[in-house]
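Student: I would like to go through this model point by point. Please give the cut-offs as the terms come up.

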Amino acid sequence: VSQSRYACNKPAPFLKTTPRPTKLEGDVKSEWKVTYKSFPANAQAAVQYAIDIWSRNFASSVPINVEANWESQKSDDILGSARAGYYFNAFPGAPDEDIWYPSALANTLAGKDLDPRQSEILLTINTTPDWYFATDGKPTFGKYDLASVVLHEIAHGLGFMSNAQYDRSTGTAYISQPTPFDAYVQLPDEKTFTNFCSRSTELGRAMVNPLYWSGESAITANKVG
């Protein structure tokens with residue numbers, strides 16, 4: 001599960017923000033259905049704004065179901081978290097049968113809902129932070145912009161997330177369901193996580209080394225190199 005945490009307590013210089021446009025750009029490319037659990041109405045509006053942005057940037061012929069939970073977290077420094085409802089591999093339309101694709105992406109590639117009983121993204125927002133609920137991108141001092149946090153977390157639910165885990169006490173890492181994200185993370189010698197045993201200290205050492213993104217499309221889109 002990916003988590004967003006509070007910024008550090010050290011005061012930072014005030015940053016000027018650019019107001020968000022009142023009208024979102026681009027055409028809607030996917031249908032999103034959100035089930036809200038215990039969400040106040042003003043918080044729902046911020047979540048929906050973030051969802052509307054993603055609907056213009058993630059194309060799918062299969063509706064994407066989001067279960068959104070508004071609840072207190074065990075740790076007060078957690079803003080929110082999100083994860084895919086499930087991961088699928090070796091389905092019709094999968095580009096790589098050895099890779100595990102998060103629900104929304106797997107459904108998109110398959111052209112159908114692979115598990116209609118399960119939401120594609122599970123989103124949880126902590127009730128504790130002092131949230132800024134407006135969607136103009138100009139949070140007041142000391143508040144956290146809810147729409148921005150949800151934008152970030154939804155990205156993880158869509159697949160910008162590794163399934164690799166690292167045990168600090170033993171230096172062992174393991175990865176039983178490598179994601180597309182895992183497939184494009186590489187070491188300086190161009191080895192990827194899948195070049196190592198799925199549970200080993202060798203994989204652990206690889207994870208704490210400098211890592212680079214090798215996805216050609218992302219590198220081109222970000223004009224890197």
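Student: Is glutamate 67 buried, partly exposed or exposed?

Tutor: This is a predicted model, in which local features need pLDDT of at least 70 and side-chain atom pairs count only at pLDDT 80 or more, while totals for chains, interfaces and linings use all residues. Residues are numbered from 1 along each chain as its sequence is written, and side-chain values use heavy atoms, with hydrogens and water left out. Buried means under 20% relative accessible area, exposed over 50%, and partly exposed in between (1.4 Å probe, protein chains only). Glutamate 67 has a relative accessible area of 23%, so the class is partly exposed.

Student: Which residue forms a salt bridge with glutamate 67?

Tutor: Side chains of opposite charge can pair when their charged atoms come close. The rule for a salt bridge is a side-chain nitrogen of Lys or Arg within 4 Å of a carboxyl oxygen of Asp or Glu. For glutamate 67 the closest N and O atoms are 3.7 Å apart, and the partner is lysine 37.

Student: Which strands does the pair of glutamate 67 and lysine 37 tie together?

Tutor: Helices (H or I, at least four residues) and strands (E, at least two) are DSSP runs, numbered from the N terminus. Lysine 37 is partly exposed, with a relative accessible area of 38%. The salt bridge between glutamate 67 and lysine 37 has its closest N and O atoms 3.7 Å apart. The pair ties together parts that are 30 residues apart in sequence, because glutamate 67 lies in strand E3 and lysine 37 in strand E2.

Student: What is the N to O distance in the salt bridge of lysine 33 and glutamate 31?

Tutor: Lysine 33 counts as partly exposed at 41% relative accessibility. Glutamate 31 counts as partly exposed at 45%. Their side chains meet in a salt bridge with an N to O distance of 3.9 Å.

Student: How far apart are the closest N and O atoms of lysine 143 and aspartate 130?

Tutor: Lysine 143 is partly exposed, with a relative accessible area of 30%, and aspartate 130 counts as partly exposed at 42%. These two residues form a salt bridge, and the closest N and O atoms are apart by 2.8 Å.

Student: Where does aspartate 130 lie, given that its pair with lysine 143 links distant parts of the chain?

Tutor: Lysine 143 is in the loop between strand E8 (131-132) and strand E9 (144-145), 13 residues from aspartate 130. Aspartate 130 is in the loop between E7 and E8.

Student: How many salt bridges are there by this rule?

Tutor: Among them are the pair of glutamate 67 with lysine 37 and the pair of lysine 143 with aspartate 130. By the rule, the count of salt bridges is 5.

Student: What is the distance between the end C-alpha atoms of helix H1?

Tutor: The expected span of a helix is 1.5 Å times one less than its number of residues. Helix H1 (residues 41-55) has 15 residues, so it should span 21 Å. The end C-alpha atoms agree with this, at 21 Å.

Student: Which helix do the buried residues of H1 pack against?

Tutor: The buried residues of H1 include Ala43, Val47, Ile51 and Trp54. Contact means heavy atoms within 4.5 Å. The packing partners include strand E2 (32-37), strand E3 (64-71) and strand E7 (121-126), and the helix is H3 (146-158).

Student: Which helix gives the largest share of the lining of the second largest pocket?

Tutor: On a 1 Å grid over the protein atoms alone, a pocket is an open set of points with protein on both sides within 12 Å along at least five of seven lines, a cavity is a set where a 1.4 Å probe fits but cannot get out, and lining residues have an atom within 4 Å of a point. The second largest pocket is lined by 16 residues, with Leu105, Phe160, Pro180, Tyr184 and Trp213 nearest its centre. Helix H4 (180-183) and helix H6 (216-221) each supply at least two residues of this lining. The largest share, 3 residues, comes from H6.

Student: What is the volume of the largest cavity?

Tutor: Grid points are joined across faces, edges and corners, and a volume is the space filled by probe spheres set on the points. The lining of the largest cavity includes Tyr86, Phe88, Asp113 and Glu120. Its volume is about 30 Å³.
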